[in-house]
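Got a minute to go through a model and check what its labels rest on? Here it is.

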Amino acid sequence: MKPAGSKAKAAATGDTALVVGAHGRHVVIETPSGERMLAHARGKKSACVVGDRVQWQPAGDEAVVEALVPRRNLLMRQDEWRSKSFAANLDQLLVVLSGEPMFSESQLTRALIATEDAGISATLLLNKIDLPTAALARERLLPYKAMGFTVLETALTTQPEASIALLTPALGGKTTLVLGASGMGKSTLINLMLPLAQAQVGEISQALNAGRHTTTTTTWYWLDADDRTNGGALLDSPGFQEFGLMHITPQRLPELMPDLRKHLGECRFYNCTHLHEPGCGVRSAVERGEISPSRYRLYEGLWAELSEGQQKG
Ligand SMILES: Nc1nc2c(ncn2[C@@H]2O[C@H](COP(=O)(O)OP(=O)(O)OP(=O)(O)O)[C@@H](O)[C@H]2O)c(=O)[nH]1
Ligand SMILES: [Zn+2]
């Protein structure tokens, strides 16, 4: 075995590669020349996620991940049993929503809290605006517009050209993780923006193989395969059902919810939980209609859920 020092030095001088697919300790990396290969992470600590930059060494036809380049950010979720990382080094999250099926405000709020916690910005996309149910969905998104989120609107299937024209500048040059609950139109969006996406998926799942037909982890797609430095990328993450926030303490919730955060200086007690204290600025704002009742209810529910988790943990 070579001394660890020389190996570390070789890795440090090597080019970094991008993780474009990951399944446990098996990852698919893309080298600066655009070559993709299967790589193995060393040791348990070196778990990589899509979007990571890694130092690597060739090992036959495959590669070994030597070290992880420090991350700019990491989007994760955590339930009682385990934590799951979606992706690292993101510029933004795009949440696809629709009125049919109606999006879940709880799911949306959870995703936005995790995103805020990770220091990543988020854009909302109301899809299926060709359907009458879009009106109600639009109304339910008003509080989110008021707290500063951009809400784009598309009819991906009936107005594909207009959708591309709207989405191209919103996605260009950025690394965007796309989230969407089942039926909202996430696959339609990916296929519209990336006509060759299916081919890229095939390639990555084949490399990670283990006989799986569908990707169960996040997948990286270049928006423009000829411009891998500035062109931007879409990351498709399957499964948006349970967005556990167990990695966040209940005390931090108000600062991660922009509509509540705005009123934090207005409470009588510095350590106000905004649940029952007198002179609470947050609850006054709810009464004045400046914080929507649904958002406040979500806050109460999350507080209870995360406090219980804290007691157990
Ligand atoms: N009317 C209308 N239907 C749409 C629109 N966008 C997508 N759909 C339809 O909605 C259904 C769900 O779209 P998908 O793109 O498969 O949704 P998804 O979010 O990927 O859902 P899963 O595949 O279950 O993860 C499909 O039948 C689409 O054709 C739209 O803008 N308007
Ligand atoms: Zn308060």
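What follows is a run of questions and answers about the terms used for this predicted model.

Q: How do you know which features of this predicted model count?
A: Local features need pLDDT of at least 70 and side-chain atom pairs count only at pLDDT 80 or more, while totals for chains, interfaces and linings use all residues. As for names, residues are numbered from 1 along each chain as its sequence is written, and chains are lettered from A and ligands numbered from 1 in the order in which they are written.

Q: What makes up the secondary structure of the protein chain?
A: It comes to 11 helices and 13 strands.

Q: How is the protein chain divided into domains?
A: There's domain 1 (4-68), domain 2 (74-236) and domain 3 (250-312). The bounds come from an automatic or database domain assignment.

Q: What makes domain 2 and domain 3 count as touching?
A: Two residues are in contact if their C-beta atoms, placed from the backbone, lie within 7 Å. By that rule, 10 residues of domain 2 are in contact with 10 residues of domain 3. On the domain 2 side, the largest share, six residues, comes from α2. By class, that side has three nonpolar, three polar and four charged residues. Here Ala, Val, Leu, Ile, Met, Phe, Trp, Tyr, Cys and Pro count as nonpolar, Asp, Glu, Lys and Arg as charged, and the others, Gly among them, as polar. The C-alpha centres of the two domains lie 28 Å apart.

Q: Which residues of α2 are buried, and what do they pack against?
A: L108, T109, R110, A111, L112, I113, A114 and T115 are buried. The buried residues of α2 pack against β6 (74-78), β8, β9 (121-127), β11 (175-180), α8 (253-256) and α11 (293-312). Just after the helix, G119 takes a positive phi of about 75 degrees.

Q: What does C272 touch?
A: Leaving aside neighbours within four places in sequence, C272 is in contact with C267, E277 and C280. The UniProt annotation "binding site", from an unreviewed entry, covers C267, C272, H274 and C280. Such annotations may be inferred rather than shown by experiment.

Q: What makes the phi of H274 and N89 worth a look?
A: Most residues other than glycine have a negative phi, and most peptide bonds are trans. H274 is not a glycine, yet has a positive phi of about 65 degrees. N89 has one of about 60 degrees and isn't a glycine either. With 23 other C-beta atoms within 10 Å, H274 is buried; N89, with 20, is buried too. N89 lies in the loop between β7 (83-88) and β8.

Q: What kind of peptide bond joins E100 and P101?
A: A cis one, with omega about 0 degrees. P101 lies in the loop between β8 (92-98) and α2 (105-117).

Q: What makes a residue part of the shell around ligand 1?
A: Its C-beta atom, placed from the backbone, has to lie within 6 Å of the molecule. 16 residues surround ligand 1, and the closest are S182, G185, K186, S187 and T188. Helix α6 (residues 186-193) gives the largest share, three residues. By class, the shell has four nonpolar, nine polar and three charged residues.

How values were computed
Helix = DSSP H or I, 4+ residues; strand = E, 2+ residues; numbered from the N terminus. Buried ≥ 20, exposed ≤ 12 C-beta atoms within 10 Å, placed from the backbone.
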